[in-house]
Amino acid sequence: MNSLKGKNMKIRNLIGLLFSVFLFSCIQSEAPNAEADILTCTVPDDILKAEPEIENESVTLIVKSDADITNLAPVFTLTPGATINPASGTAFDFTTPHTYTVTSEDKNWTKNYNVRCIVSGISTEYHFETVSLEPKYERYQVFYDISSSGDVVNWGSANSVYVLTNVANKMTDFPTSQADNGYEGKCAKLVTCSTGSLGSLVGMYIAAGNLFIGTFDSGSALTNPLKSTRFGKPFEHIPTYLSGYYKYQPGKEYTSKGQVVPGKTDQGDIYAIFYETDDNVRYLDGTNALTSPNLIYVARISDLKPTDEWTHFYIPFVPRPGKFVDKEKLKNGGYQLAVVFSSSIRGDYFEGAVGSTLYVDEVEVIHSDNE
Amino acid sequence: MKKHIFLICVLALFTVSAMAQVERNMGIIKSSLIGLEYEVKAGFNIGGTSPLPLPREIRSIDGYKPTLCVAIEGDVTKWFGVERKWGMTLGFRVENKGMETKATVKNYSMEIIGSGGEKLKGNWTGGVQTKVRNAYLSIPVLASYKLSKRVNISAGPYVSFMPNGDFSGYVYDGYLREINPTGTKVEFQGDNRASYDFSDNLRTFQWGVQAGVSWRAFNHLNVHADLTWGLNDMFEKDFDTITFAMYPIYLNVGFGYAF
């Protein structure tokens with residue numbers, strides 16, 4: 001009987017092996033690529049102030065104020081097998097944006113990229129009056145400011161990944177949206193939201209409302225959420241104070257990784273950082289925004305008390321010991337500034353309370369040139 | 001005295017059991033005379049639930065585990081004619097069919113519906129782990145043919161009812177393009193796993209064809225191999241998350257006792 005069972009085991013394994021060989025031999029040839037992405041954009045190094053910002057449908061080149069962009073020929077690398085029109089390496093006058101169309105290898109898909117150069121850095125007064133909509137599907141809002149040279153500069157938020165949870169029914173259901181009844185005009189509303197059943201499938205139960213100067217990399221948002229919030233854009237002044245108005249109410253139930261933590265209350269966060277870039281550090285992110293050795297000045301609110309009244313904050317930028325600013329490097333875009341708002345201070349660790357709401361308005365970065 | 005009583009009891013026992021034996025043998029002889037044969041079978045199911053042909057999106061099978069699947073069956077065969085060459089077999093089988101696989105897919109279009117009704121549609125490129133474990137009550141209706149004194153072959157349709165089934169797994173090491181291949185790209189790497197469970201979308205009623213061979217190893221003891229091939233999609237009609245039809249294809253090998 002034992003030998004019969006043993007025989008059966010061996011037969012079972014043999015048949016299992018034959019089956020997998022059978023399946024394996026039935027694998028069809030690989031289909032041509034369906035994706036149509038711009039992977040990299042290269043322009044002469046000396047005109048850039050920061051890394052090219054490549055998003056799903058746009059490429060933004062932050063160039064020095066004295067750069068000549070009237071005859072610029074960006075070179076692109078694409079998804080293998082894809083083609084781009086106009087061709088990579090074609091020279092254009094980039095004082096206005098240009099649209100490129102990428103076609104996939106299998107010819108079934110095309111994607112339009114808006115490629116533009118923006119000259120100066122960011123503005124220093126934020127009123128949160130202007131929002132645009134997500135390109136193409138228009139499901140959520142994107143805050144933007146117009147810089148002194150007339151360029152549109154977007155704020156970063158996690159809306160582009162939150163939309164995947166399909167929880168929000170309207171734009172104001174998103175973690176980051178615009179609200180009426182600001183301190184003046186409209187304001188920014190940041191709410192910690194539940195990610196629903198799809199978010200729980202990936203172990204990310206809540207999404208904090210966040211808004212920051214920088215870009216959000218949706219690609220790494222699920223794998224490495226701390227690295228997806230890239231804080232900072234080139235800034236040519238030395239910041240001294242961060243001022244503005246806020247309102248805040250924490251949500252009712254504090255949860256950590258999906259489990260309720262009784263007795264703990266959520267807290268919001270407002271901070272700003274000024275740091276230097278170098279060959280290794282092109283931007284700071286959620287892993288090091290407040291700890292990096294490249295930080296020069298940090299302003300952080302110390303008592304974000306819950307309140308339903310617009311409350312003024314005026315926080316100094318505190319210098320890190322032993323750090324100084326190189327005026328030449330400052331002019332060439334070697335330093336970056338980020339202002340960061342969040343409705344849950346531990347939101348990037350998925351700790352916080354659903355419903356925590358932070359309103360901010362009339363924020364200003366006061367800098368040494370003002371004085 | 002004691003010895004006598006003991007002997008009488010033993011004799012009585014023998015007589016009773018001998019009579020019962022005669023009764024049972026009579027039953028079997030009667031059945032055999034009218035061409036009825038009974039068999040109790042036990043075996044293992046090995047195979048898998050697979051789309052056919054393998055869609056182009058599947059780039060490789062990275063792992064396959066048969067898992068322990070047992071089948072227990074009772075058959076009755078009625079042999080026709082004088083020569084008893086052809087017959088018809090009706091079976092009743094209680095069985096498990098299951099497998100575990102890992103595959104790499106490219107640009108696989110899918111729509112996941114969350115338990116709250118949330119819809120996520122997109123194209124997944126990366127690893128997919130699948131675990132299937134279904135319990136069935138199957139009824140094959142087969143034509144049987146005595147190829148030789150020891151070998152029978154059979155073929156015919158079967159129907160299965162599935163009282164409970166499990167079709168679940170997770171995706172790993174890859175990325176999703178939202179809505180279509182040009183959508184927002186979200187990566188999923190390292191130890192991250194996103195699990196799915198489509199057990200609620202499995203069809204309760206399945207049918208297919210079965211073909212097999214049976215070899216009489218010893219008096220009354222048969223060894224068999226039956227291939228069952230499902231012909232209808234394992235999933236409900238309006239289930240769009242898996243865009244291709246999945247068919248259960250299993251080989252049942254084991255032994256049986258014929259009487």
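Modeller: A word on terms to begin with: a cavity is a set of grid points where a 1.4 Å probe fits but cannot get out, and its lining residues have an atom within 4 Å of a point. Please keep in mind that this is a predicted model.

Biologist: Fine. How many cavities of 30 Å³ or more are there?

Modeller: The count comes to two cavities of 30 Å³ or more, and the largest cavity holds about 200 Å³ of space.

Biologist: Which residues lie nearest the centre of the largest cavity?

Modeller: Of the 20 residues that line the largest cavity, those nearest its centre are Glu39(B), Lys41(B), Asp75(B), Ser154(B) and Ser214(B). The elements of chain B that each give two or more residues to this lining are strand S1 (36-50), strand S3 (70-79), strand S5 (119-146), strand S6 (151-178), strand S9 (205-218) and strand S10 (221-230).

Biologist: And how does the lining of the largest cavity divide by class, nonpolar, polar and charged?

Modeller: The lining of the largest cavity divides into ten polar, six charged and four nonpolar residues.

Biologist: What about the second largest cavity, what volume does that have?

Modeller: The second largest cavity has a volume of about 60 Å³, and the residues that line it include Tyr126(A), Asp145(A), Trp155(A) and Lys233(A). Strand S11 (residues 152-156) of chain A gives the most to that lining, with three residues, and by class the lining has five nonpolar, three polar and two charged residues.

Biologist: Changing topic, how many disulfides does the structure hold?

Modeller: There are zero disulfides over all chains. Cys117(A), for instance, is in no disulfide, and the nearest cysteine sulfur, that of Cys41(A), is 8.4 Å away, whereas a disulfide would need the two sulfur atoms within 2.5 Å.

Biologist: Is Cys117(A) buried or exposed?

Modeller: Cys117(A) counts as buried because its relative accessibility is 8%, which falls under the 20% cut-off. In the other chain, Cys69(B) is also buried, with a relative accessible area of 0%.

Biologist: Which residues have a positive phi without being glycine?

Modeller: Glu138(A) is one of them, with a phi of about 55 degrees, and it sits in the loop between strand S9 (131-133) and strand S10 (141-146) of chain A. Arg84(B) is another, with phi near 55 degrees, and its place is in the loop between S3 and strand S4 (86-113) of chain B. Arg84(B) is partly exposed, with a relative accessible area of 27%.

Biologist: Last one, what does Gly196(A) touch?

Modeller: Leaving out residues up to four places away in sequence, Gly196(A) touches Val167(A) and Glu118(B). Gly196(A) is in helix H3 (residues 196-201) of chain A and is partly exposed, at 24% relative accessible area.

Methods: Residues are numbered from 1 along each chain as its sequence is written. Chains are lettered from A and ligands numbered from 1 in the order in which they are written. This is a predicted model: local features need pLDDT of at least 70, side-chain atom pairs count only at pLDDT 80 or more; totals for chains, interfaces and linings use all residues. Side-chain values use heavy atoms; hydrogens and water are left out. Buried means under 20% relative accessible area, exposed over 50%, partly exposed in between (1.4 Å probe, protein chains only). On a 1 Å grid over the protein atoms alone, a cavity is a set of points where a 1.4 Å probe fits but cannot get out, and a pocket is an open set with protein on both sides within 12 Å along at least five of seven lines; lining residues have an atom within 4 Å of a point. Grid points are joined across faces, edges and corners, and a volume is the space filled by probe spheres set on the points. Helices (H or I, at least four residues) and strands (E, at least two) are DSSP runs, numbered from the N terminus. Ala, Val, Leu, Ile, Met, Phe, Trp, Tyr, Cys and Pro count as nonpolar, Asp, Glu, Lys and Arg as charged, and the others, Gly among them, as polar. Contact means heavy atoms within 4.5 Å.
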